[in-house]
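User: I have a new structure open and would like a quick tour. Can we start with the charged contacts and work outward?

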Amino acid sequence: MVELKILSPTAMVYNDSVDACFFPGVMGEFEVLPHHGNMISALSEGDIRIRKRQEESKIHINSGIVKIENNIVTACVEL
């Protein structure tokens, strides 16, 4: 599990442990699984897909950045 936090300028959009998450990176979509390497990436318009217990949900964003470090994923996004 990874701890996923998605923040917008006005609110905490999502805060929970997840099995996997997928981000619309500027170079293409990428997946984050437990023990992913540390990184920072810019995000483009698209959907953040969240997988938890074999169910998937989506949050549409216009742009943002994401930081992945020690199984904590923090995304600051513009909705």
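**Salt bridges and the overall fold**

Analyst: Start with Glu-56 and Arg-49: their side chains form a salt bridge, with N and O 3.1 Å apart. Keep in mind that the model is predicted.

User: Is Glu-56 buried, exposed or in between?

Analyst: Glu-56 counts as partly exposed, because its relative accessibility is 42%.

User: Which residues are linked with Arg-49 in a network?

Analyst: Glu-29 and Glu-56 are. Together with Arg-49 they are linked in a network of salt bridges.

User: What else does Arg-49 do? Which ring does it lie over?

Analyst: The ring of Phe-22. Arg-49 lies over its face, 4.1 Å from the ring centre.

User: How many aromatic pairs does the structure hold?

Analyst: One aromatic pair.

User: Back to charges. How many salt bridges are there in the structure?

Analyst: Four. One of them joins the side chains of Asp-16 and Lys-52, at 2.6 Å from N to O.

User: Where do Asp-16 and Lys-52 lie?

Analyst: Asp-16 is in strand 2, residues 12–18, and Lys-52 is in strand 6, residues 46–52. The two are 36 residues apart in sequence, so the pair ties together separate parts of the chain.

User: Is Lys-52 buried or exposed?

Analyst: Buried. Its relative accessible area is 18%, and the cut-off for buried is under 20%. Asp-16 has 31% relative accessibility, so Asp-16 counts as partly exposed.

User: Which residue forms a salt bridge with Lys-67?

Analyst: Glu-69. The closest N and O atoms of Glu-69 and Lys-67 are 3.4 Å apart.

User: How accessible are those two?

Analyst: Glu-69 is partly exposed, at 35% relative accessibility. Lys-67 is also partly exposed, with a relative accessible area of 39%.

User: Where is Asn-38 found?

Analyst: In the loop between strand 4, residues 28–32, and strand 5, residues 39–43.

User: And what does Asn-38 touch?

Analyst: Ile-68, Glu-69 and Asn-70, if you leave out residues up to four places away in sequence.

User: Which residues is Ser-41 in contact with?

Analyst: Phe-30, Gly-64, Ile-65 and Val-66. That leaves aside neighbours within four places in sequence.

User: Zooming out. How many helices and strands does the protein have?

Analyst: Zero helices and nine strands. From the N terminus on, the order is β-β-β-β-β-β-β-β-β.

User: Why would you say the radius of gyration agrees with a compact globule?

Analyst: The protein has 79 residues, and a compact globule with that count would have a radius of gyration near 12 Å. The protein has 11 Å, which agrees.

User: What does the C-alpha trace span?

Analyst: About 25 × 20 × 20 Å along the principal axes of the protein.

User: What share of the residues is buried?

Analyst: Buried residues make up 37% of the 79.

User: And the accessible surface? How much of it belongs to carbon and sulfur atoms?

Analyst: The accessible surface comes to about 4,600 Å², and 51% of that belongs to carbon and sulfur atoms.

User: What about contacts across the sequence? What percentage joins residues at least 24 apart?

Analyst: 42%, among contacts between residues at least 6 apart in sequence.

User: What is phi of Gln-54?

Analyst: About 65°. That is positive too, although Gln-54 is not a glycine.

User: Where are these two?

Analyst: Arg-53 is in the loop between strand 6 and strand 7, residues 55–61. Gln-54 is found in the loop between strand 6 and strand 7 as well.

User: Buried or exposed?

Analyst: Arg-53 counts as exposed, at 66% relative accessibility. Gln-54 counts as exposed at 79%.

Notes. Residues numbered from 1 in each chain as written. Predicted model: local features only at pLDDT ≥ 70, side-chain atom pairs only at ≥ 80, totals over all residues. Heavy atoms only, no water. Phe/Tyr/Trp six-rings, centres within 6.5 Å; stacked < 30°, edge-to-face > 60°. Lys NZ or Arg CZ within 6 Å of the ring centre and 35° of its normal. Helix = DSSP H or I, 4+ residues; strand = E, 2+ residues; numbered from the N terminus. Rg over C-alpha atoms; globule rule 2.2 N^0.38 Å. Buried < 20%, exposed > 50% of the residue type's maximum accessible area, 1.4 Å probe, protein only. Contact = heavy atoms within 4.5 Å. Areas by Shrake-Rupley, 256 points an atom, 1.4 Å probe, with all protein chains shown as cover.
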